[in-house]
Amino acid sequence: MKARKSKKRAPSFRKLLKTSKVKLDNKLKNKQYKQQSTAKKYRKEQKKLREAVKDVVSKKPFPLEDKKQIFRAQRTEEEEEEEALPLDMMDEDDLQLLKDLGQMPSFLTRDLSSSEPVHVKKRKQESIIDKYEKVPRRLKTEPEKEVIHLLPIKDKCGIIPQTREKPVVSTNEEEEQEEMEFEEVTEDPMPKLTTEEYIIQRQRKLQEKKIHIAALASAILSDPESNIKKLKELRAMLMEQDPDVAVIVRKLVMVSLMELFKDITPSYKIRPLTETEKASKVRKETQKLREFEEGLVSQYKFYLENLEQIIKDWKQRKLKKSNVVSLKAYKGLAQVAVKSLCELLVALPHFNFHNNIIVLIVPLMNDKSKLISEMCCEAVQKLFKQDKLGHASLGVIKVISGFVKSQNYVVRPELLKSFLYLRIKEIEVKKDTEDINAPKKFMSYKEKRKSLSRMQRKWKKAEEKLERELREAEASESTEKKLKLHTETLNMVFVTYFRILKKAQRSPLLPAVLEGLAKFAHLINVEFFDDLLVVLHTLIESGELSYRECLHCVHTAFHILSGQGDVLNIDPMKFYTHLYKTLFKLHAGATNEDVEIVLQCLDVMLTKRRKQVSQQRALAFIKRLCTLALHVLPDSSIGILATNRVLMHTFPKTDLLLDNESQGSGIFLPELDEPEYCNAQNTALWELHALRRHYHPVVQRFASHLIAGAPSEGSEALRPDLSRRSATELFETYSMKTMTFNPPVLSANPSKKGKIFHVDSYLNEDLSQLIRTHCNETTIQLPLDFTRYLKTSVR
């Protein structure tokens, strides 16, 4: 019969490769378990033997004679058994061993009664050597050899894999090398440097690091697709461990990476590839571009995580063990990190992880550090100004609204003031122009065939092709999409504003809310106007608001009524009364800053609503404004007189205030708070004659101009730079905040009457002209009021 072939095959090369150290360890463990089990069995047998011996000893002993008889009987039985057994079954060596054991007296003479279990009192008395001996031995295994796979050889039988062992440095040689290095280090200790040597060494290290950063950055900029891996090397320098230059190097690397990402980032968002796209074959150029985009996104993500960690460490005052930067340096690093995030927020609103940057920046807008808060607020305002589409603005508004609500409306007003920089009004205007300029329709082929010749059709085709290309080049988001985004953005803004009006009326956010409502009042739904006006009037009457906040309420109410509110039949007489009553709260002290808001309110209340304003109301406001101009600073007087000039042009019949004769019945009641019933037609603007002798030349000019009836031509007409500007612009132009001085401005000599000043530089053209006309060379004697004004200006 033929021998069957064994089905068991020899292990293949791959199976041999799979044999690892884990399998060898398992084999060793199995072997140890077997040894332990055999030892356990042996101990059990010994225990049983000792118990049997104890039973025998505990029995009653027989007399000696009986013992001999029993022994003889047992011996005869054994001999009979031996005779019955075939001796051929045992070896000679075994027989000899049994005979020797029988002749040994130790087994018979030993006192078996003392036999006890071995483990009763042995554990306490065991020596260290016995314990060590009991530990199971581990077989020495050869270290696993690393294998280098070579190219396989193809034969008739099949493919034969080829391998080669990797040369491994022996552990003895490695230990010797480490000992040699340790000896070298210990033999040459670092010499102590002086302060000058230390500074020179630090400068040298810093210069080397700067050169290395510049080399990496220039290589990445020259060919980003090929050198994208160098971004990782540059980013690794954010963990610089040299304590001498760690802080400066980390700051330089942060700024360098920020500028690099701004330069090499594409103008589109990179999406992750699908499984089918990864599996499909593409050209080399496409594959190279994919690798570049993937590397760029990953490195950008890690960079943002590093910046976030730096800010968190500074916030938590968390000092890491492996960190070489002190806690004091954390603030500087955090400021640079925040600056980098702000730059990326503004520069890359279209790129990946922009929403993550927004989530980091918005809480920092409310930070205790004024520098970081201002930095983040400015970045958000820049983003709002340049965002034409509205995607980024909507994301920021959502995060700010949620953050304000989570903080229970206890945040900085700057967060809500940033809403004023939204570009929603501009895009609404652009929408109208787009509707007016409808896109041009192209002619069909039949129309061309009928009306044009062959040459004209050829030119027309080329012209239409060019127009299509230009339209694609100027492509923008559809107006519907823009309107949808801006509607959602405004809804979030108004939700935030109305929540604060309802729940946090005593909050310092109220002025910002009212200012925002005033700006976006033309976009509020008409249905909410009645409720809003009631809320604003309630706030004013509550008496819990400051004067500035009350002015904001008035300004907001009239902005609402001047837009879509024209269709509503509402007479806001209570708001006119409130402003007329509180005008005298303005003075030359702290409230002079509120004059700008008052001028804006007057413009909206009287000039823009001229058809709804009676003549009695206009006369009362002109008279009260002239009285107010006497006891405010010159910049405020200029703005108030400019407003009066506009009112006299808007309401021509108010020139009766320039006549001394009374024009009606009754007596003027200046203390009455109702502008309709104070009989302002029975008074005259005598305040203009006092202002005509004012020390400020522009105030003098405006007073003379108004006394003459505010003519547009003639000798009493204003210069173009004064007549073409609004009251608010004139107030800002002549405001003391905008005046610059080259110290020392004036030097006083109090020895003579009044005060003598030596003029070194002038405030502006009008003051310099005044000084030149009245001064003797460089010396001038000025009144005390002007002296006080100059002192305040210099301060």
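A residue counts as exposed when its relative accessible area is over 50%. Keep that cut-off in hand for the first stop. The model on screen is predicted.

**Stop 1: Asn408**

Select Asn408. It sits in the loop between α16 and α17 (413-417). Its relative accessibility is 57%, so Asn408 counts as exposed. Now check the backbone. Asn408 is not a glycine, yet its phi is positive, at about 60 degrees.

**Stop 2: Asn679**

Jump to Asn679, in the loop between α28 (634-650) and α29 (687-691). Is Asn679 buried, partly exposed or exposed? Its relative accessibility is 21%, so Asn679 counts as partly exposed.

**Zoom out: the whole chain**

The chain has 795 residues, and 35% of them count as buried.

**Stop 3: helix α14**

Select residues 354-364, which form helix α14. Which of its residues are buried? They are His354, Ile357, Ile358, Ile361, Val362 and Leu364. These residues lie on the same side of α14, because they cover an arc of only 155 degrees around the axis. Turn to the face pointing away from that buried side. Asn355 and Val359 are there, both exposed.

What lies over the buried residues of α14 includes α12 (284-316), α13 (327-347), α15 (370-386) and α16 (391-406).

**Stop 4: helices α25 and α27**

Select residues 573-582 for α25 and residues 615-628 for α27. The two helices pack at an angle of about 20 degrees, and their axes are 11 Å apart. An angle under 35 degrees counts as roughly parallel, so α25 is roughly parallel to α27. The crossing of α25 past α27 is left-handed.

Show side chains at the contact. From α25, pick Met573, Tyr576, Leu579, Tyr580 and Lys581. From α27, pick Arg617, Ala620, Phe621 and Arg624. Colour them by class: six are nonpolar, three are charged and none is polar.

**Stop 5: Ser704**

Finish in helix α30 (residues 697-707), where Ser704 has its place. With 15% relative accessibility, Ser704 counts as buried. What does Ser704 touch, leaving out residues up to four places away in sequence? Select Arg692 and Glu716: Ser704 is in contact with both.

Notes
Residues numbered from 1 in each chain as written. Predicted model: local features only at pLDDT ≥ 70, side-chain atom pairs only at ≥ 80, totals over all residues. Heavy atoms only, no water. Axes fitted to C-alpha atoms, helices over the stretch in contact; angles between N-to-C directions. Helix = DSSP H or I, 4+ residues; strand = E, 2+ residues; numbered from the N terminus. Parallel < 35°, antiparallel > 145°, perpendicular 65-115°, else oblique. Left-handed = near helix turned anticlockwise from the far one by under 90°. Contact = heavy atoms within 4.5 Å. Nonpolar A, V, L, I, M, F, W, Y, C, P; charged D, E, K, R; others polar. Buried < 20%, exposed > 50% of the residue type's maximum accessible area, 1.4 Å probe, protein only. Arc of directions from axis to C-beta.
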